[in-house]
Amino acid sequence: MTRTVRIIGAPTDYGANRRGVDMGPSAIRYAGLADAVEATGATTVDVGDLFVARAEERDPDAGAPAGDAKFLREVEDVSESLADEVADAVADGELPLALGGDHSIAIGTLAGAGRDAELGAVWFDAHGDFNTPETSPSGNVHGMPLAAALGKGSFADRPWARSAGLREENVAIVGLRSIDDAEREALRESDVTVYTMSDIDARGLTPVVEDALDVATDGVEGFHVSLDLDWLDPGEAPGVGTPVRGGVSYREAHAAMERVATRDGADGAADLRSLELVEVNPILDEHNETAELATELAASALGKRIL
């Protein structure tokens, strides 16, 4: 049966500390996303972009809880809209492919994907995204989505932020190499599994990704893949807002996404339930190469092969 991929744009930069990432969905589409996905044998339905108010028209401190979280009301609005769109796609038997925007959109993607099912997640990212408003040194919500989805800190009192079906023991972060002190302690105390770039250096990428997928698919109905393009080395993906040297290579990134595809529903295992591409910033990019890379990686995750 042919898979239908529903493309959903979430052009936000509320959670970021640099402007421009809100143009990420347009850049990814312009790079040929629909053609790349359809080359895997899937069909695509592009529902366009969610409405996102301009940041300049909003008060970044309105609605902030104890601590610091900028544009929290706006993040809530986008998250609720995206969650509904993702949940509708899943209910219709489609695979939602969410395009960021900054990584705060993952709050909505995870809420929608985990609305009616137990869910695991693989988080391909240079960062832990495990801060809360109480611990964040910047107040940028793109550093909080995983903590939000798991109901950490003051997010526990915000139902819109939590993913009902996401199981902490089924979350794996892959490629971590930049983390705040409070995040480090919180991750150590959690049931989240973390594989750093040092683990990849020591063991190789494929065994690490296989282990992460084991974690994410153990006993759940589906799994989510969140791909932050700053997971790659800045030499491969220059168009991101928070680059960190020492990331994975072009070939390693494709190998990781290919492993995702081989696990999708294999031998009765959990299905890939949702996918997101985030943090592409065309203002900082070179000839749209980061957006083009994002489209290629999406295709690999959806089953594109050389032979």
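This note sets out several points on the structure above, for a reader new to such models.

1. Basis of the model. The model is predicted, so local features are given at pLDDT of at least 70 and side-chain atom pairs only at pLDDT 80 or more, while totals for chains, interfaces and linings use all residues. Residues are numbered from 1 along each chain as its sequence is written, and side-chain values use heavy atoms, with hydrogens and water left out.

2. Helix α4. Helices (H or I, at least four residues) and strands (E, at least two) are DSSP runs, numbered from the N terminus. Among the buried residues of α4 are I107, T109 and L110.

3. Aromatic pairs. The structure holds 2 aromatic pairs. Rings of Phe, Tyr and Trp (its six-membered ring) pair if their centres lie within 6.5 Å; planes under 30 degrees apart count as stacked, over 60 as edge-to-face and the rest as tilted. The ring centres of Y14 and F71 are 5.4 Å apart and the planes stand at 35°, so this pair is tilted. The pair links distant parts of the chain, 57 residues apart: Y14 is in the loop between β1 (4-10) and α1 (24-30), and F71 is in the loop between β2 (43-49) and α3 (72-91). Y14 counts as buried at 4% relative accessibility, and F71 is buried with a relative accessible area of 13%.

4. Strand β5 and its partners. Strand β5 (residues 166-176) is mostly covered, with 9 of its 11 residues buried. Two strands pair if DSSP finds at least two bridges between them. Strand β4 (residues 119-124) pairs with β5 in the parallel sense over 5 bridges, and V122 stands opposite A172 in β5. Strand β6 (residues 193-196) also pairs with β5 in the parallel sense, over 4 bridges; there A172 stands opposite T193.

5. The β-α-β unit and L187. Together, β5, α6 and β6 make a right-handed β-α-β unit. A crossover is right-handed if, with the strands pointing away from the viewer, the path from the first strand over the helix to the second runs clockwise. L187 lies in helix α6 (residues 181-189) and is buried, with a relative accessible area of 6%. Leaving aside neighbours within four places in sequence, L187 is in contact (heavy atoms within 4.5 Å) with F130, I173, I179, V192 and V194.

Terms used: Buried means under 20% relative accessible area, exposed over 50%, partly exposed in between (1.4 Å probe, protein chains only).
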